[in-house]
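Please read these points alongside the model.

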Protein chains: 2
Amino acid sequence: MSEKQQVSEKMQQLIELSAEITDLSHINAVLGWDQQINMPPGGAEERGAQSAALGRIIHEKFTSDEVGQLIADLEEEVGDLNAETDEARAVKVAKREYEKQTKVPLPLLMEFIQTTTMAHESWLEAKNKSDFSLFQPHLKKIVELRQQYAELFKPYDHVYDPLLDDYEPGMKTAEVKEIFNKLRPQQVALLQAIAEKEPPDDSFIKQYYKEEYQEIIGRYVITRFGYDWNRGRLDIAPHPFTTEFGYGDVRISTRYLKDDAGSALFSTMHEAGHAMYGQGVPEKYKRHPLGGAASLAIHESQSRLWENIIGRSKEFWSFFYPSLQMLFPQYLSDISVEEYYRGINKVEPSLIRVEADEATYNMHIMLRLEIEIGLMEGTMKVEDLPEIWNAKMQDYLGITPPDDAQGVLQDVHWSAGMIGYFPTYALGNLASVQLWDKLVEENPNVYDEIAQGKFDTILGWMREHVHQYGSKFEPQEIMLNATGSKITPEPYIAYLKKKYGDIYDL
Amino acid sequence: MSEKQQVSEKMQQLIELSAEITDLSHINAVLGWDQQINMPPGGAEERGAQSAALGRIIHEKFTSDEVGQLIADLEEEVGDLNAETDEARAVKVAKREYEKQTKVPLPLLMEFIQTTTMAHESWLEAKNKSDFSLFQPHLKKIVELRQQYAELFKPYDHVYDPLLDDYEPGMKTAEVKEIFNKLRPQQVALLQAIAEKEPPDDSFIKQYYKEEYQEIIGRYVITRFGYDWNRGRLDIAPHPFTTEFGYGDVRISTRYLKDDAGSALFSTMHEAGHAMYGQGVPEKYKRHPLGGAASLAIHESQSRLWENIIGRSKEFWSFFYPSLQMLFPQYLSDISVEEYYRGINKVEPSLIRVEADEATYNMHIMLRLEIEIGLMEGTMKVEDLPEIWNAKMQDYLGITPPDDAQGVLQDVHWSAGMIGYFPTYALGNLASVQLWDKLVEENPNVYDEIAQGKFDTILGWMREHVHQYGSKFEPQEIMLNATGSKITPEPYIAYLKKKYGDIYDL
């Protein structure tokens, strides 16, 4: 509190404005959470109007000329916006947001909201019927609107830059391409080497696992991780997600599949990773311009860390496997922990991104990035997407989707207008291993701790090097400060080679 | 839709304003629902800020000078605001709301919100510790603020009038007093007559009833009533309540007690009664000035109808009792439906209002009304309330609370600043029987229908005579139109005499 008392009058105004905007944005998150978890079908229409009304109010409050003047005054007051003080960075973050939002004319924003609302409905139907033609005109319109949006940010190095920047502040298309170009051949080579080996058995996972028991182990695991139940809860939703209503309320959801015990458990760990980031942003940034996260890639580095690096490790299962055997003796009593570990790490090119293993996941992302760039550049046409998609799937993973529902229609993102989002998933994978390597370097005992079910060193390290900064630093600053390097693919490749080298005896 | 196209430009402006205010108010309802059903403890502080931010926006939007001018213009355009057109009544309702809200200075409103937020916390603690002194200064402040509020509405006939009018438009303290003065001696005489008789056995209700099975019968009953699940849902909350997020989403909650099967089932029917009213307001009033309900008493007439007149009737149980016996054979297989009926209608003066039977319930309300009037007139002091409460309980019901938690601290209302609310509970009881008598007069077969598990005649009649009007008519207009009389105690007294005359052989 003493910190806040020292800030200038104008800085206090910015903090108060930010508090109100944050409150209203968190209200919108409550509406969205309720819509996905609880809302009866009859509520959809009015809920749409409610969200739109709130969105308009937020936009109007934040884009007023007074706010612009306040930010300009503060910029003068503060001087160097890259100075590493909270004040400088609060102004930098607010300025960035303000400039982005004021560039977009309200009619274009409203057209975008209206278009994506209808597109989402048509995508649902198209996916259900596996008929791309239903979604095609909507996607075409979305691409046009995204192109118009990008135009507003001219000059740019690449038309995809303004979109990427919305999710990954400061990141350029050229950087992502460079990273992916290094990653692709290495990952393809690894997959080819794995394909020549005998796959491990994972049939024991594909059985009927009672949902209540799946929930017991999921809750137990993330409690040990350090998920704070006093400031969160776990629910069931068709698509697992994490959402924040503030410092004191960061919720997660998962889904329990009857015939695949892995899905819920790993998604619960994944979402808990996101949520512990949200819970780890310090209280001083509550309702503050520097609340929130650095970027989606940094967010994903946290979820992937807990889901994969930890949750799919030998040490993790040496601790938790007996508990799992207790719950599901009918499938697991004759399976050793080593067999279980190999089973959950089976590599298998598959159609659906969200079910992909660590060795194939990034291939799904590269495919999507190439398509998004093609659409934005105008070198690909929306009507050709099913064909392009299938050809690339064959090229990268050696399989072809039997229908568009399991191909180009599988993801929700484009129907919501979220072009530019996908690369952050792969960047998050890379960042997770980079952070992990540094953590292990500084804490060589950490694998032993995992094997004892202890995770406070890990959570503490992430709190110190990532969470505590909220959105104060850009993602690449976080990575540089924490690991000495921007996001780079080498550690991830080394991690995959080591892990699958052991499992597949490469 | 054709109706809407014919309205004037200014009327269209009012409808659009009302749509936005309605959206924002429904968002606030979502926040409140989530707070009571889902929110982890850590979320409380920021949720308070979110609600306050939204409340301020709603207040500002509705009380602007432009809105005042719009309403004035419309008043001129429409002429007689008591004409029975939607246009006239929409202006009347908006004018009434506008005049109320603009009378209250923003600082007083904010002080009231702040005071009641803190008072609620202190009430929870005071009730927990059964220590009135903890709550006393907060209640004192609330009474002062309510007195200041009432002053804003001078001249009035009685200082309690402006408060009562917030919940029961058009109703005067003098009217309520007159009704209660007729009711009191009759109800006291009935209770005395009952007290001389042997009470029926109800020990079979006070057993361990599995919660899941309680939920099965609750859901079954209200489904047959006609509760629309496509536009609603049922959850668990510490205090049962109904809330509306629009025409398409009217939710209820209940609580399952381990040792009293009646509590959840009757509260589920009660809340479903409220919710079916909300669901019955026609779609044309969606996001419209005439959406919502006529008043709290009319609302309560609907909940009491389904809970008591129907739910505690012989005919109802002749249909549902076999289902209940199926679920709970261990307690009920040897209990006849007649014994069960007498058991759930046992009259017993008790300490807690919400658990009171039909014969004693109104006595709890009269006690509270006398205290509220005493506080507002200044003839009673807050510090004397525990003593006054206990004396009146002894006087009216012949019992004295062992502690303040079961006495003056039992209800949440005062801590929320809701003075003027209680009388609507008793008025709702009276209105429920008045409406019922008319319905039976027009549909003599309705008891047979209940015995066959059919409720569409009842719901249809309520839709036609009550629900379809939304908030177009004042509560007494609704009663006059539907029954030929304003709210009056005679039908209720006759109903009690007949019902308990049979059960107790009076």
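1. A:H467 sits in the loop that joins helix 20 (456-465) to helix 21 (475-483) of chain A; helices are DSSP runs of H or I with at least four residues, numbered from the N terminus. This is a predicted model, in which local features need pLDDT of at least 70 and side-chain atom pairs count only at pLDDT 80 or more, while totals for chains, interfaces and linings use all residues. Residues are numbered from 1 along each chain as its sequence is written, chains are lettered from A in the order in which they are written, and side-chain values use heavy atoms, with hydrogens and water left out.

2. A:H467 counts as buried because its relative accessibility is 0% (buried: under 20% relative accessible area, 1.4 Å probe, protein chains only). Its side chain makes a polar contact with that of A:Q302, at 2.9 Å (N or O atoms within 3.5 Å, one able to donate a hydrogen and the other to accept it; residues adjacent in sequence count only if both atoms are side-chain atoms).

3. Between chains A and B, 39 residues of chain A are in contact with 39 of chain B (heavy atoms within 4.5 Å). Six salt bridges cross this interface (a side-chain nitrogen of Lys or Arg within 4 Å of a carboxyl oxygen of Asp or Glu). B:E45 forms a salt bridge with A:K286, with the closest N and O atoms 3.1 Å apart.

4. In chain B, helix 5 (residues 86-103) has 18 residues. Its buried residues include B:R89, B:Y98 and B:K100.

Conventions
Helix = DSSP H or I, 4+ residues; strand = E, 2+ residues; numbered from the N terminus. Expected span 1.5 Å × (residues − 1). Buried < 20%, exposed > 50% of the residue type's maximum accessible area, 1.4 Å probe, protein only.
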